[in-house]
Amino acid sequence: MTEDYCARCGEPRDAGEHLACDAALVLEPPRYCVRCRRRMVVQVVPTGWTARCSEHGELRGGDVVDPLGR
Amino acid sequence: MTTTHPTDAVGDGTAAVGYPVLEVARDQVLDRGEGLDEGQVLAVLRLPDDALPELLEVAHEVRMRWCGPEVEVEGIVSLKTGGCPEDCHFCSQSGLFSSPVRSAWLDIPSLVQAAVQTAATGATEFCIVAAVRGPDERLMAQMREGVAAIRAAVDINVAASLGMLTQEQVDELADMGVHRYNHNLETSRSYFPNVVTTHTWEERWSTLEMVRDAGLEVCCGGIVGMGETLEQRAEFAAQLAELAPHEVPLNFLNPRPGTPFGDEPVLPATDALRTIAAFRLALPRTILRYAGGREITLGDLGTRDGLLGGINAVIVGNYLTTLGRPATDDLALLAELSMPVKALNATL
């Protein structure tokens with residue numbers, strides 16, 4: 001998948017360095033869609049997270065079980 | 001910075017060097033169970049780094065003597081994220097800042113799932129949090145349904161953190177079976193206007209009084225490292241001691257992008273550890289919980305030091321909008337330190 005944008009700050013990946021952003025993302029869920037820069041709807045739960053872009057779908061991290069099987 | 005200087009106990013240069021405030025702490029807090037006052041806490045916060053090992057040792061002894069070896073484990077979840085009308089300058093969930101956090105509601109099945117997964121770690125506490133000034137009818141309805149569903153699905157104590165409450169809402173939460181209510185004062189009364197301008201410290205205090213009077217356990221702490229002075233940190237500890245909450249969650253500022261405090265420096269680990277020990281010495285019998293920010297402030301080694309310096313409770317797993325250490329890492333550390341996880345029947 002092409003990552004045109006930084007998932008943390010939303011700026012283009014090729015515009016400057018994102019080392020600090022990449023380091024921070026160890027302890028943060030993504031906030032911006034890396035394909036279109038839309039702000040995602042993020043839900044953090046004790047064991048994981050989901051991040052949903054209205055255009056490009058949902059990402060999941062950690063151990064997240066959708067009880068409704070979505 | 002003014003620091004507290006060591007003294008030679010017998011004056012001949014051969015005796016062990018000690019710090020007067022730590023001698024006071026041993027007598028007053030460790031032996032008699034009486035917390036340090038504001039001036040004494042300030043003296044602790046001014047101790048130099050080379051006094052830190054001795055300070056942590058005293059704070060740990062106080063914790064073991066007046067609280068015991070058990071550690072209370074909790075998970076937290078955001079029921080309603082973002083879009084908050086308040087302007088708490090540390091918070092990425094305020095709708096008034098250019099934070100990337102968007103509004104979201106957690107559905108009831110996912111809330112129950114989070115409670116079940118939290119209980120599976122051995123946690124006895126599950127706190128439901130909403131980013132609001134105070135709950136509206138929609139949120140209270142969601143709480144009614146959610147708390148009932150959790151209680152039907154899993155044995156875990158349910159706590160809540162929904163902002164400022166009316167007396168009717170306090171009573172309703174108690175009726176639902178919510179056993180503990182979190183409402184942080186966040187910082188000292190004198191520094192609060194630098195942190196929040198859309199409501200007052202006194203409004204928060206008023207909610208806490210209602211919660212306590214209704215018989216719910218009071219959970220009240222704050223965030224260290226928001227630019228407050230050591231004097232204001234000591235003032236905050238004294239104000240918490242006056243409130244005498246059942247639990248004090250201790251956060252360290254995790255500067256969030258887009259918030260007014262987004263460019264604040266991360267608190268040095270030594271300052272964080274001094275604060276943990278100072279708060280333990282001010283609150284010898286209180287549950288003192290590691291909350292947000294410990295990962296970036298203390299790291300793995302500092303987390304251990306805090307558990308051996310006054311902390312006796314942890315939030316495991318993720319926080320509301322940021323991620324934490326895996327619960328398994330914290331549980332393994334507690335086992336290594338021979339600190340048993342508090343059992344559910346011990347909390348009822």
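How many bridges join S10(B) to strand S11 of chain B? In this predicted model, the count is four, and the two strands run parallel. Strand S11 of chain B covers residues 287-290. One pairing can be picked out by residue: B:Pro249 stands opposite B:Arg289 in S11(B). The link between the two strands is helical. From S10(B) the chain passes through helix H9 of chain B, residues 269-282, and then reaches S11(B). This β-α-β crossover is right-handed.

S10(B) also pairs with strand S9 of chain B, residues 222-224. Three bridges hold this pairing, again in the parallel sense. Here B:Gly222 stands opposite B:Leu250 in S10(B). A helix again belongs to the unit. S9(B), helix H8 of chain B (residues 230-243) and S10(B) form a β-α-β unit, and its hand is right.

The setting of S10(B) itself was examined next. Strand S10 of chain B spans residues 247-252. Six of its six residues are buried, so the strand is largely enclosed by the rest of the structure. In a regular strand, side chains alternate between the two faces of the sheet. In S10(B), B:Glu247, B:Pro249 and B:Asn251 point one way. B:Val248, B:Leu250 and B:Phe252 point the other way. The residues of both sets are buried.

Two packed helices are described by the angle between their axes and the distance between the axes. For H8(B) and H9(B), the angle is about 35° and the axes lie 9 Å apart. The crossing of H8(B) past H9(B) is right-handed. On the H8(B) side, the contact is made by B:Arg233, B:Ala237, B:Ala238 and B:Ala241. On the H9(B) side, it is made by B:Thr275, B:Ala278, B:Phe279 and B:Ala282. By class, the contact holds six nonpolar residues, one polar and one charged.

Chain B also touches chain A. In this interface, 25 residues of chain B are in contact with 19 residues of chain A. Three elements of chain B each supply at least two residues to its side: strand S3 (72-81), helix H4 (108-120) and helix H10 (294-297). H4(B) gives the most, with seven residues. The side of chain B that touches chain A has twelve nonpolar, eleven polar and two charged residues.

Helix H4 of chain B also contains B:Ser110. Is B:Ser110 buried or exposed? It has 22 C-beta neighbours inside 10 Å. The cut-off for a buried residue is 20 or more, so B:Ser110 counts as buried. B:Ser110 and B:Leu216 are 106 residues apart along the chain, and their C-alpha atoms are separated by 26 Å.

Two residues of chain B other than glycine were noted for a positive phi. For B:Glu186, phi is near 75°. B:Glu186 lies in the loop between strand S7 (180-182) and helix H7 (201-213) of chain B. With 23 other C-beta atoms within 10 Å, B:Glu186 is buried. For B:Ser338, phi is near 55°. B:Ser338 lies in the segment after helix H12 (327-336) of chain B. B:Ser338 has 7 C-beta neighbours inside 10 Å. A residue with 12 or fewer is exposed, so B:Ser338 counts as exposed.

Key. Residues numbered from 1 in each chain as written. Chains lettered and ligands numbered in written order. Predicted model: local features only at pLDDT ≥ 70, side-chain atom pairs only at ≥ 80, totals over all residues. Contact = placed C-beta atoms within 7 Å. Nonpolar A, V, L, I, M, F, W, Y, C, P; charged D, E, K, R; others polar. Pairing = 2+ DSSP bridges. Right-handed = clockwise from strand over helix to strand, strands pointing away. Axes fitted to C-alpha atoms, helices over the stretch in contact; angles between N-to-C directions. Left-handed = near helix turned anticlockwise from the far one by under 90°.
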